[in-house]
Amino acid sequence: MKSIQPAFPIVAGVLASLFQPAEAVTPSQWAAANLVVPDGPRAGERIDLAMTPYLVELLDFFSSECPENKAVVRKSAQTGFTLLAIAAIGHSIECEPCRMMVVQPTDSALSEFNREKLQPAIEQTPILARKVVPQTSRSARGSTVYTKRYPGGSLTLAIATSTADLRGKTIKKVIKDEASEYPADLDGQGSPHGMIEARYESFLASGDWKELSISTPTIKGDCWIDDAFDGGDQRFWHVKCPECAEEFVFDYGPSFRFAKEYPHKAHYVAPCCGAVIEPHQKNALVRNGRWIATAPGPGRHRSYHFDALSSPFVPWDKIAERAIQAKDDPARQKTFENLTLGRPYEVRGDSPDHVRLMALREEYPRRRIPPKGLLLVASADVQANAIYVEVVAFGADRQSWVVEALVLDGDTSGPEGGAFAKLNAVYETEWPDSFGGTRRIDAMGVDSGFRANVVYAWVRGRPKTFALKGGDGWSRPAISTPSLVDLDLYGKRIKQGAAVWTVGTFSLKAQLYADLRKPRLAEGALFEPPGACHHGRFLEENYFTQLTSEYLTDEKFKGRTRKVWKERGPNHFLDCRIYNLALVDYLGLSRMTPDEMAQLAKLRGVPEEASEPVAVANADEPVVPVPPPAPRTPMRARRSFPSSFMS
Ligand SMILES: [Zn+2]
């Protein structure tokens, strides 16, 4: 059709007013007028952007009216940014319909996002409920769980681990959620970020595309969102000092003060004039704040940082409580930095000193469970002609005692004889405890990285054994839901015959090395630190050089730098220890309440006085129960621990 050539300019004006709304509605105006909050304490109510004014600028970025294309948000948990994603999508569906995509790191994250947030928001927001074609529609134009269709476009929900999801039709607007958890490479075909970029390539010329990336950070030096934040103009939410009107950012540092004991009385001391800001003043200051770019420059995309210190959803006392809880536990410190402060966690990369660890060896009997050992686990590392095995007792406060460390010589090409027969003897050993009884191993892990099928076959007939494999990357949980693999031995093939559990080795190594470095009682500390690793005199130098054989280093990978562990020599006993830590995480010892722990001790025949809490010098500090971070991957049987031990 030819374009209309109006006879008079006034006609053009009339035509334009017929086809375009008088004034474009911005996403924040649209959200305030329409969007219903899908979950949380305000579920079912219209969104109140006065509470979260820091979302407005980002929301309006997502409209075509805004000429910029790319924005990244580095944030902590509980800040309302998921709602931002939903509001941005809702506005586009009604006012600027086009093809859109939301990417989540995993299948479970994606279905949770859809089930808990997106779908309820669509159903409860009348205008969206009318626009989005229902899933029940049988025609090809109907929506499915992972594709929402509406007049003028569709929204695809994709997983960052699926090339099939990421490759496909052109899209105009993308939201990448938890972008730091995407794998660095997908099946050797490149980074998911690159694949996503390729999908809006055809809009590059017209400049008519949007990419909004939101994530909590992970590890310093190996964190996508942190790099993307640093590469941008670094906007922080500034508040105005109630005394002198100078602007500053609520930052976790010397200005944030709290008492170590309950009540924490957390407050903030303004860096400008020393004015004391009480918790009840916080939300009002945040409401009147504004974004200021701290690193503006030509070509720099928008980058935002926002964390719990400024969040209206997290009281300052809660932050103080979490800080105290995280103090001696490297895993909790990482969680605190990432999920509360929105900062990447810095892992110390050097190896612990093995000579010092040898000097700290203690006099206790080999092959006997120490008085405070509540759980007994073992792990094995399979080599061509030997199996390395470490047996460790774990007690309260994450403390551990090596009970035995062995090299079992022998052939490992079959599950019956050779070194595997010796491993079976370890598995069946009745270990004497310190009270005249005996106990079997609670769980045994075997590395399946080498001789996989032999390991699967060996593990199959032994109920308390686990085939394990190490997984790279910083966002893996200590141990994740097993995948079922085919078992193939002596020409027999059993479909999905073995369960293989993936161990998040990167974070566990960081945790172990931090624990090994802690000052010990024998070195003048007031008490044994949580996570103290006790080593008997019977352990030889070879054990310690292997335990401390790795260090952290930068590696160039697909144009990005990442942090990886490298070994400087044999590391078999380190692998054994990492697997033992994963098993203890699976058994749930660190998540047990004091009551559950006492019950387990009783079950184990431990006299009451021996199962007293260990950290006596900590007694003056408050014991505030903090729920453990929810595992990213839902775990089967995770909490079934106490009952499984009754057998
Ligand atoms: Zn001031």
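**View 1. Lining of the second largest pocket, by residue class.** In this predicted model, the lining holds 13 nonpolar, 15 polar and 10 charged residues (Asp, Glu, Lys and Arg count as charged, Ala, Val, Leu, Ile, Met, Phe, Trp, Tyr, Cys and Pro as nonpolar, and the others, Gly among them, as polar). The pocket volume is about 1,100 Å³. Of its 38 lining residues, Glu 181, Pro 183, Asp 472, Ser 475 and Arg 476 are the closest to the centre. A pocket is an open set of points on a 1 Å grid over the protein atoms alone where a 1.4 Å probe fits, with protein on both sides within 12 Å along at least five of seven lines; lining residues have an atom within 4 Å of a point.

**View 2. The zinc site.** Cys 241, Cys 244, Cys 272 and Cys 273 coordinate the zinc ion through their SG atoms at 2.3 to 2.4 Å (donors are N, O and S atoms within 2.8 Å of the metal, or 3.2 Å for Na, K and Ca). The four donor atoms subtend angles of 101 to 126°, so the arrangement is tetrahedral (all angles between 85 and 135 degrees).

**View 3. Cys 241 and Cys 272.** These two residues lie 31 residues apart. Cys 241 is buried, at 3% relative accessible area, whereas Cys 272 is partly exposed, at 29% (buried is under 20%, exposed over 50%, partly exposed in between, with a 1.4 Å probe and protein chains only).

Residues are numbered from 1 along each chain as its sequence is written, and side-chain values use heavy atoms, with hydrogens and water left out. Local features need pLDDT of at least 70 and side-chain atom pairs count only at pLDDT 80 or more, while totals for chains, interfaces and linings use all residues.

How values were computed. Points joined across faces, edges and corners; volume = space filled by probe spheres on them. Tetrahedral: all angles 85-135°; square planar, octahedral: opposite > 155°, others 65-115°. Helix = DSSP H or I, 4+ residues; strand = E, 2+ residues; numbered from the N terminus.
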